[in-house]
Number of protein chains: 2
Amino acid sequence: GRGIVHLVGAGPGDPELLTLKAQRVLQAADVIFHDSLVDPRVLDLARRDATRVPVGKRRGAPGVGQAAIHDRMVAAASDGQRVVRLKGGDPFVFGRGGEEVAALEAAGIDVHVVPGITAALGCAAAAGIPLTHRDHASAVTLLTGQVQDGDAEVDPATLAGGDRTLVVYMGRAGASTLARRLIAAGVPAGRPVAMIENGTRPDQTIRTGTLAALPLLARQVGGGPVLIVIGDVVRAAPAWKSRTPSS
Amino acid sequence: GRGIVHLVGAGPGDPELLTLKAQRVLQAADVIFHDSLVDPRVLDLARRDATRVPVGKRRGAPGVGQAAIHDRMVAAASDGQRVVRLKGGDPFVFGRGGEEVAALEAAGIDVHVVPGITAALGCAAAAGIPLTHRDHASAVTLLTGQVQDGDAEVDPATLAGGDRTLVVYMGRAGASTLARRLIAAGVPAGRPVAMIENGTRPDQTIRTGTLAALPLLARQVGGGPVLIVIGDVVRAAPAWKSRTPSS
């Protein structure tokens, strides 16, 4: 055959948050190209004799380039192997899944996408923060924090109105810039924020505060994956309630 | 004990898109309060002797009121039963999960939330539409279409800039209003849109077109759950490519 690749969302960390379909596809795989952020316990769900190939970037270390990932997937699939491309969270939310699908299709490979629990959903459930709420938020925006300071085509200020929740992925490094921009644009400095590190994992930590304190919270967290939630919905979190007993 | 309730996301339709954790919790449940939109094949995963209680609203028919749902969950949990509240998609994305968690906590019941694949993720994967893209979309906004014409505190126009994807849940009835507002606010009438009905289910249909054609697409779909995706990312969908071979 012309080969087949499954792009599979590995979810936010907790291996139990994989879908049944992801588990089935993973267990059938001959070779698995995986991000470095994928939890080892997820990889343990694959067959023992499956080949595991780490291709993700790690902080401070270059990964395999995107074009090389495409080439290796095409080669393996063309060779008749059942290929899984395992990505943290969901393949189509900040996962570059669109680029990989396009490259595989261009090479004549069948591609199927298996969605995953993206960090926003996993962390919200684990932190007790509803992303939308009848009274507080009728929309939620997922934004990557990995935008250069000068070139933001998405103005975060327009995404954080009073009736919305803003969720920022990979936002630790840009936290100060984000807070400054939002406050300069008129978002109240007292708007609640939560910073969740290692969400859904045993070592999950949740820090809550106000938008003005976001830079401070960013300095307090460790080296794990971080998700930031900004909005009144954060008041529902037990971590917020315990820090402000009067609210 | 004081009782325990799991709020569980049932995912977008395909029962294989349930998480492993959701399946485990579902199979341990004594009683399941479920939305009417939850796929019967998901309910089949529960124990045969578990009590299934439909509590969701159906189109045109009143459901059990929200307060009555809270009361029945509290009563069952207080009675020592293992309670699952099974909701379509994810409990914290347009699922009123926040209200249910608050009501249960107020009654002294332990609540845990198990996230689910929300419709945006499930439909994107099934339709081949990346929600974000390095070149086309650095943010994605999930919005409910069930906002009254006069009282929209979230202005959809601010959510559909050139570098963003807008996903509208339950947007069939409001499709004409939404398209009119977006175009009036300067969003190009030619921006690609996809309307996905019964996403991830065997009877899934995908219609693509431009923002100007959104009202027409809304009139063409049947009675199943509908998700609307607006943004340049729709060009990646096979359904878009097949209708515009020159693009």
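## The interface between chains A and B

In this predicted model, 50 residues of chain B are in contact (heavy atoms within 4.5 Å) with 50 residues of chain A. About 4,100 Å² is buried between chain B and chain A, with carbon and sulfur atoms giving 63% of that; buried area here is the accessible area (1.4 Å probe) that two parts lose on being put together, summed over both. On the chain B side, Glu16(B), Leu20(B) and Phe92(B) lose the most area to chain A, together 17% of what that side buries.

The rule finds 4 salt bridges across the interface of chain B and chain A, a salt bridge being a side-chain nitrogen of Lys or Arg within 4 Å of a carboxyl oxygen of Asp or Glu. Glu16(A) and Arg24(B) meet in a salt bridge through their side chains, at 2.7 Å from N to O.

## Which elements touch

On chain B, the elements giving two or more residues to the side that touches chain A are helix H1 (20-28), helix H4 (97-106), helix H5 (119-127) and strand E6 (139-144). Helices (H or I, at least four residues) and strands (E, at least two) are DSSP runs, numbered from the N terminus. E6(B) provides the largest share, 6 residues. Strand E6 (residues 139-144) of chain A pairs with E6(B) in the antiparallel sense over 5 bridges, where pairing takes at least two DSSP bridges between two strands. In that pairing, Val140(A) stands opposite Leu142(B).

Just after H5(B), Gly128(B) takes a positive phi of about 70°.

## A covered strand in chain A

What about strand E8 (residues 192-197) of chain A? All 6 of its 6 residues are buried, so the strand is largely enclosed by the rest of the structure. Pro192(A), Ala194(A) and Ile196(A) cover one side, and Val193(A), Met195(A) and Glu197(A) the other.

E8(A) has two antiparallel pairings: with strand E9 (residues 205-210) of chain A over 6 bridges, and with strand E10 (residues 226-230) of chain A over 5 bridges. Met195(A) has Arg207(A) as its bridge partner in E9(A), while Ile196(A) stands opposite Leu227(A) in E10(A).

## Salt bridges elsewhere

Over all chains, the structure holds 26 salt bridges. One of them joins the side chains of Asp30(B) and Arg47(B) at 3.4 Å, N to O. Asp30(B) lies in the loop between H1 and strand E2 (31-34) of chain B and Arg47(B) in the loop between helix H2 (40-43) and strand E3 (51-54) of chain B, so the pair ties together parts 17 residues apart in sequence. Asp30(B) counts as buried at 17% relative accessibility, and Arg47(B) as partly exposed at 26%.

Arg85(B) and Asp35(B) also meet in a salt bridge (3.0 Å, N to O), linking parts 50 residues apart. Both Arg85(B) and Asp35(B) are buried. In chain A, Asp30(A), Arg47(A), Asp49(A) and Arg82(A) are linked in a network of salt bridges.

## Conventions

Residues are numbered from 1 along each chain as its sequence is written, and chains are lettered from A and ligands numbered from 1 in the order in which they are written. Local features need pLDDT of at least 70, side-chain atom pairs count only at pLDDT 80 or more, and totals for chains, interfaces and linings use all residues, while side-chain values use heavy atoms, with hydrogens and water left out.

Methods:
Buried < 20%, exposed > 50% of the residue type's maximum accessible area, 1.4 Å probe, protein only.
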